[in-house]
Amino acid sequence: MTTVLESLNSALHQAFTADERVYLLGEDILDPYGGAFKVTDGLSSAFPGRVLTTPISEASLVGVATGMALRGLRPVVEIMFGDFLTLAADQIINHAAKFRWMYNEQVRVPMLIRTPMGGRRGYGPTHSQTLEKLFLGIPGLQVLAPCALSAPAQTGVPQSLAAGGPGDLLYRAILTTEDPLLFIENKLLYLQPVQDENSLGEYEVRLQPGKDGTTRTPWAPAYSLILRAAPPPSLTIAAYGYMAELARQAARQLAYEQEIFTELVILTQLAPCSMQPVLDSLKRTKRLLAVEEGTLTLGWGAEVLGRAAEALGPGLKACGRVAAQETPVPASGALENSVLPGVTDIFSAAIQLNRL
Amino acid sequence: MLPAKAAHTALYRSLYRIRHFEETVLENFPKGVFFGTTHTYLGQEANAVGILSHLQQPDIVFSNHRCHGHFLAYGGDPRALFAELMGKATGVCGGRGGSQHLQWRNFYSNGVQGGIVPIATGMALAEKIKDSPAIVIAFLGDGTLGEGIVYESLNIAALWEVPILYVVENNRIAQTTPVEQAVAGSISGRFTAFGLPVLELDTSDVLLIHETSHILLSEVRQKRLAQALVLNTYRFGPHSKGDDTRDPEVMARLQVEHDPLLIHGGRLSATERNAIESEVRQEIEADFHQALEDPFPVFDPQENA
């Protein structure tokens with residue numbers, strides 16, 4: 001099976017082949033090193049002159065890419081660690097994301113920023129964060145997060161670009177976005193195999209294209225996972241990125257150990273907010289658990305619960321969140337495991353909610 | 001090589017158009033016809049006019065919060081600029097941007113200090129990649145030199161050899177902070193540190209700026225390399241409106257000694273000057289009143305969903 005890393009790497013190669021306006025800017029991305037996480041491996045050899053290794057200047061390189069995008073190119077920026085997005089926040093929020101609307105739709109900024117987020121690697125407080133919540137709800141800025149799922153590959157399509165998978169998401173985003181787009185890659189996803197309904201034999205996997213009218217990326221899908229031949233689910237678990245993997249493990253455990261059956265809804269579009277698949281599931285289950293790796297306060301899960309409460313009103317029987325503790329992410333594995341949300345946290349929270 | 005007589009009058013017309021536009025803005029602000037705030041270009045007119053009179057059609061200009069003069073010298077329509085300041089649908093950006101956020105053809109401006117520098121640099125890189133003849137001119141102020149992103153971008157511009165002219169208009173004051181309290185060392189040295197050629201002028205004479213920028217822009221066009229021009233200049237007006245903390249007597253003296261309109265106007269006869277001024281005044285008055293009559297935009301929730 002293709003890993004998420006291979007899938008993303010393949011998507012970059014395919015995008016460079018498909019459109020000569022695609023350029024890549026980032027730190028330490030040239031071969032033989034090929035980037036800190038190797039997502040850009042081989043690109044500088046295959047496309048010399050279109051892969052630009054930059055000084056350690058995150059703010060400026062996002063600005064440079066914005067200028068390139070305004071003038072007709074399709075730049076991709078790699079920020080080595082998602083933690084460093086804060087250095088480029090002014091460029092993203094006050095420049096790239098503003099221009100199209102502020103300039104009265106007279107310009108477009110087709111720029112994609114890829115960055116690895118997340119902990120569980122012992123990198124410590126400044127290299128392990130899940131900071132995308134700071135960039136959700138910025139008008140003009142799209143935020144996507146791939147997961148380790150796809151539709152089964154169609155004949156003639158390489159497995160790395162199977163529909164809805166991480167490679168497909170990245171490939172389409174690079175080639176078709178008209179607006180600045182943050183592409184959040186959880187570090188622990190990289191080595192995960194990209195699964196589909198064939199490899200996940202015990203699950204029924206449904207893929208829904210994003211389509212609730214607010215989305216500018218109608219191909220950024222949501223997945224719904226239900227254990228085959230199980231009774232109707234009584235709880236919706238909403239997740240994205242690597243937390244979706246942990247949620248799937250928890251869902252299995254809940255079914256086999258507690259006979260609590262869940263529907264796991266995995267989103268790949270975080271902004272603009274596209275919650276319809278979660279709301280559809282909630283009509284059936286009436287109970288919601290949102291899980292995320294970032295800290296709890298004012299996080300993604302808060303928005304999921306807010307939208308659910310607005311849409312269902314008293315029809316929402318119970319809701320809750322699983323998220324990180326409100327501390328920086330520690331380096332020590334012993335501490336990090338306590339701070340970041342895991343399978344056990346999801347398992348326990350689900351049992352609580354199912355009692356309500 | 002001095003420009004011909006016709007060029008003299010054209011330069012004066014451009015200078016006076018900016019001067020009268022900005023005076024009209026300040027005069028009418030208290031009447032409540034404009035939204036928000038504004039930053040006028042009074043006293044600095046020779047910079048925009050001297051440099052941008054060399055523009056070629058595909059060239060790109062990226063300006064800052066004090067952008068009216070650059071926009072008008074670029075060829076922007078005074079009525080559309082008045083309308084933008086008034087928040088009208090006919091404004092440069094339909095009233096969405098206001099005074100500091102303009103975009104028209106290859107002209108751009110934004111109101112955050114320093115942030116435009118990497119973007120203008122990236123534009124120059126794109127034009128180089130596309131093998132286009134276009135070059136980029138980016139306008140900075142002395143206050144902007146406090147922003148770290150400026151230096152990140154100069155480093156990249158030098159490393160990647162992009163066709164851009166950085167113009168620092170050192171008007172010696174950032175809002176209310178004198179340059180001596182905000183900028184250590186030399187301004188030109190900030191460019192030479194990155195190996196970028198730089199010229200520095202201490203003048204309000206549009207002809208001198210015109211000639212010097214011609215040399216620099218020709219070099220940028222031919223060598224496709226970044227260069228810089230530092231213009232030591234004077235801001236006659238307040239930072240925005242009525243927030244000038246400087247000594248009025250000193251300001252009055254500066255306005256006599258360094259007024260670009262007096263300096264260049266001396267090359268024209270009183271009759272020529274009066275004719276130009278009268279025409280421009282009529283044009284600006286008409287533009288102002290037309291903009292006043294223009295409709296306000298309507299927010300469309302559907303379009304903005």
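## Helices on the sheet of chain A

Helix 10 (residues 343–355) of chain A lies across strand 9, strand 10, strand 12 and strand 13 of chain A, and runs at about 165° to strand 13 of chain A. Helices (H or I, at least four residues) and strands (E, at least two) are DSSP runs, numbered from the N terminus; axes are lines fitted to C-alpha atoms, for helices over the stretch in contact, and angles run from 0 to 180 degrees between N-to-C directions. This is a predicted model, in which local features need pLDDT of at least 70 and side-chain atom pairs count only at pLDDT 80 or more, while totals for chains, interfaces and linings use all residues. Residues are numbered from 1 along each chain as its sequence is written, and chains are lettered from A and ligands numbered from 1 in the order in which they are written.

In chain A, six strands form an open sheet of mixed pairing, in the order 7-8-10-9-12-13, where two strands pair if DSSP finds at least two bridges between them. Strand 7 (203–208) and strand 13 (318–324) of chain A are the edge strands, each pairing on one side only, and the twist averages 20° from one strand to the next. Strand 8 (residues 222–227) and strand 10 (residues 262–267) of chain A pair in the antiparallel sense over four bridges, and Leu225(A) has Leu264(A) in strand 10 of chain A as its bridge partner.

## Where the chains meet

In the model, 27 residues of chain A are in contact with 25 residues of chain B (contact means C-beta atoms, placed from the backbone, within 7 Å). Helix 3 (58–70) and helix 4 (89–102) of chain A each supply at least two residues of the side of chain A that touches chain B, and helix 3 of chain A gives the most, with nine residues.

## Chain B and Pro78(B)

Chain B holds eleven helices and nine strands, and its C-alpha atoms fill a box of roughly 55 × 50 × 40 Å, taken along the principal axes.

Pro78(B) lies in helix 4 (residues 78–85) of chain B and is buried, with 23 other C-beta atoms within 10 Å; a residue is buried if 20 or more other C-beta atoms lie within 10 Å of its own, exposed if 12 or fewer, and partly exposed in between, with C-beta atoms placed from the backbone. Leaving aside its neighbours within four places in sequence, Pro78(B) is in contact with Phe21(B), Leu72(B), Ile284(B) and Asp287(B). Of these, Ile284(B) is 206 residues away from Pro78(B) in sequence, yet the two are 7.0 Å apart in space, C-alpha to C-alpha.

Methods:
Two residues are in contact if their C-beta atoms, placed from the backbone, lie within 7 Å.
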